[in-house]
Amino acid sequence: MQMFFNKEKLAELILFFARHSQDDRLFGSTKLNKLLFAADFTAYGHLGRSITGVSYIHQEQGPTPKPDQFLPVRDGLIRAHKLTIIEDETYIGIKKRPVAHSEPDLSLFDEVEMDLCWDTLESFKRMSNTEISNWSHNIPGWRYTKQGEEIPYSAVYLWEKQPLTLEDMEWAQNAARELNLT
């Protein structure tokens, strides 16, 4: 299955997670990135497709959406006055907190996608940015890749094993191909 990047769905999912995290004092840009990653990769694992189609790369703090896809969408939301990034000083440094100023358009998502997004939000709501980054460092796709490399969606089919091998990754890619997901 060919993966298509959907800017509109990414924009509305950013607003969804920011809007429904407004009372989460632990919510920041790092947590937003991990929520997006978890929702997209879980959708791929269960539905054979991601929600937004955005590519994720290996960064020090864990998976993040590819900047050339994510930043124009986020910045467009800021220009449209639908989102603001508030910088809060904390005891461990500056936290950048996305704040939604409009309701997300949920009509772009089917019922299963929305259930998955609600479940993702619920699963991570008590986690800090540090805790959610630590969680993401245990994801085989992140562990297999290096700084700046794209994390293939097919890595969702990898299991916990130390260390991952090239054969493991090839197996996951073949499994996705056999399921007609790539």
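Two strands pair if DSSP finds at least two bridges between them. Helices (H or I, at least four residues) and strands (E, at least two) are DSSP runs, numbered from the N terminus. This is a predicted model, in which local features need pLDDT of at least 70 and side-chain atom pairs count only at pLDDT 80 or more, while totals for chains, interfaces and linings use all residues. Residues are numbered from 1 along each chain as its sequence is written, and side-chain values use heavy atoms, with hydrogens and water left out.

**Stop 1: the hairpin**

Select residues 56-59, strand β1, together with β2. The two strands run antiparallel and are joined by 4 bridges. They form a hairpin with 2 residues between them.

**Stop 2: helix α3**

Next select α3, residues 67-79. From first C-alpha to last, α3 reaches 17 Å with its 13 residues, close to the 18 Å expected at 1.5 Å a residue; the expected span is 1.5 Å times one less than the number of residues. Show the side chains of Gln69, Phe70, Val73 and Leu77, which are buried (under 20% relative accessible area; exposed is over 50%, partly exposed in between, with a 1.4 Å probe and protein chains only). These four lie on the same side of α3 because they cover an arc of only 85 degrees around the axis, the arc being that of the directions from the helix axis to the C-beta atoms. On the other side of α3, Asp68 and Arg79 are exposed. The cover over the buried residues of α3 includes α1, α2, β2 and β3 (83-90). After α3 comes histidine 81, with a positive phi near 60 degrees.

**Stop 3: the nonpolar core**

A nonpolar core is a set of buried Ala, Val, Leu, Ile, Met, Phe, Trp, Tyr and Cys residues joined through side-chain atoms within 4.5 Å. The largest one has 43 residues, and those with the most contacts inside it are Leu13, Ile14, Phe17, Leu36, Ile51 and Cys117. Two or more residues each come from α1 (7-19), α2 (29-47), α3, α4 (111-124) and α7 (166-178). The most come from α2, with 9 residues.

Which residues does phenylalanine 17 touch? Leaving out residues up to four places away in sequence, phenylalanine 17 touches Phe27, Leu32, Leu35, Leu36, Ala39, Cys117, Thr120 and Leu121; a contact means heavy atoms within 4.5 Å.

**Stop 4: serine 154**

Move to the loop between α6 (140-144) and α7, where serine 154 is found. Serine 154 is buried, with a relative accessible area of 4%. Its contacts, not counting residues up to four places away in sequence, are Tyr44, Met169, Ala172, Gln173 and Ala176.

**Stop 5: salt bridges**

The structure holds 7 salt bridges, each a side-chain nitrogen of Lys or Arg within 4 Å of a carboxyl oxygen of Asp or Glu.

- Glutamate 113 and lysine 9 meet at 2.8 Å, N to O. The pair links helix α4 to helix α1 across 104 residues, and both residues are buried.
- Lys9 and Glu113 are also linked with Arg49 and Asp110 in a network of salt bridges.
- Lysine 31 and aspartate 24 meet at 2.6 Å, N to O. Lysine 31 is buried at 1% relative accessibility, and aspartate 24 is buried at 13%.
- Lysine 125 and glutamate 122 have their closest N and O atoms 3.0 Å apart. Lysine 125 is partly exposed at 35%, as is glutamate 122 at 47%.
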